Amino acid sequence: MDTIKNYLENLFCTVGVNEEVLRLKQDLYNNMEEKYMELKREGHSENEAIGMVISNFGNIDELLKELGIEKPEPKTGRFLSQTEVEDLVYNQKRWSKFIGLGVFLILAAVSTLVICGAALEGIDFANMKSITENMVELSSALPLIPFFILLAAGVGTLIISGLMLEKYEFIEKEEVDISTSTRNWVEKRKESYQLSYVVSIVSGVVLCLLAPMILIVVATFSGSDLGGAIGVATMLTMIAVAVYLFITSGMEMETYKRLLKVGEYSPERKAENKLVSIVASIVWPVTVVIFLAWSFIGNDWHISWILFPIVGILFGAFAGVADIVQKK
Amino acid sequence: MISSDVIRGYNDTMILYLLLQEPSYGYEISKNIRELTQDQYIMKETTLYSAFSRLEKNQYIESFYGDETNGKRRTYYRITPLGRDYYKEKCEEWFVTKEVVDKFIEESL
């Protein structure tokens, strides 16, 4: 019976997945299974029965045309063997952890700077301007040492991870084809990973929500600048952990989805995402430039950050509209 | 074995005939066709399901879910009033077709 299931899967592997297709596949499978059972009851051997069921199947193109399902060019993409897919999945998983670590180190670097700075100079941590002023003083050169070490470590980790993952970048750009058995393997992994994925994302979101709250609580109750700095460090650490979770779980799930070409990575969505990506690559750098200009010129770091959430929401709205328009 | 080209116009009619008797599902219909024609016509799966799709789109039949064997839902079909009318038309069409073609068939060969 697996032979029959694989036969069907192969016929449908290049067809998009939707409710109609799924129902059809199920009906066809039920049909073939019943026929197989009856042939076995009549005394045919397993191979004979399977052969008869398959040979009486007919021409799939006729059926697909009737259903109005477009059958795209089969196997135009790069074919990946089981070993190659396993290699891809394990390495993406491994190096995404390093990326998360790299980000963590960078945020840790900033935390160290803030803590050491506050501890040594007793500066008002909320006023960034005095940090830059104080940096010219020798005694505040000390916190720069751990800062630079951690920063270097973080950047180094990011660079190494980036290099190691470079050879897998093709999966983002090219069409990729995998065999049915590989597909099954990937699907099983994705299913079993689903729970961890949800847990990671939820934990990350919770951490991001709690982080600024912790900062406010600590800053309010500590009174001292050191306490405030520790508050900032805690907040940054929590955010770093959240980012680590987002990166690792996000990358793993994304790899599975890309391989299976579902959801975001189905051919239809890919076209739509191109437009959104192009707009994103313009909007976000511009936003950063405006943010930096406003902050440096107006020295309004404590206000200007609000630019990011605003742009984030507007951009999200744009992406949503693009999605709706594209569907029409 | 009848060639599918010849019988193409009447696949729908065969299915509708069976559904006139009682609602049924894919495999049962295909089996009945085989038995009724005494193995002279065995409808391929793709032909059968293309017909289901076509008939349903034209609203000659409607689908519903039947009993669950091993937790899988089975798609059943039943004929609609529109389908009954279409069936009658096809029967009449066949009578005319038969009369016409018979005129060109040599009985004594």
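**The B–A interface**

B:Glu56 forms a salt bridge with A:Arg23, with 3.3 Å between the closest N and O atoms; a salt bridge here is a side-chain nitrogen of Lys or Arg within 4 Å of a carboxyl oxygen of Asp or Glu. This is a predicted model: local features need pLDDT of at least 70, side-chain atom pairs count only at pLDDT 80 or more, and totals for chains, interfaces and linings use all residues. Residues are numbered from 1 along each chain as its sequence is written, chains are lettered from A and ligands numbered from 1 in the order in which they are written, and side-chain values use heavy atoms, with hydrogens and water left out.

Between chain B and chain A the count is 5 salt bridges. In contact, meaning heavy atoms within 4.5 Å, are 25 residues of chain B and 21 of chain A.

The buried area is about 2,100 Å², with 42% from carbon and sulfur atoms; that is the accessible area (1.4 Å probe) that two parts lose on being put together, summed over both. Of the area that chain B buries against chain A, B:Tyr27, B:Glu45 and B:Tyr49 supply 31%, more than any other three residues.

**The patch on chain A**

Which residues make the nonpolar surface patch of about 460 Å²? They are A:Val198, A:Val202, A:Val206, A:Leu210, A:Met213 and A:Ile214. Patch residues have over 30% relative accessible area and no salt bridge; like charges are joined within 9 Å, nonpolar side chains (Val, Leu, Ile, Met, Phe, Trp, Tyr) within 5 Å. Accessible areas come from the Shrake-Rupley method with a 1.4 Å probe, and for residues only the protein chains shown count as cover.
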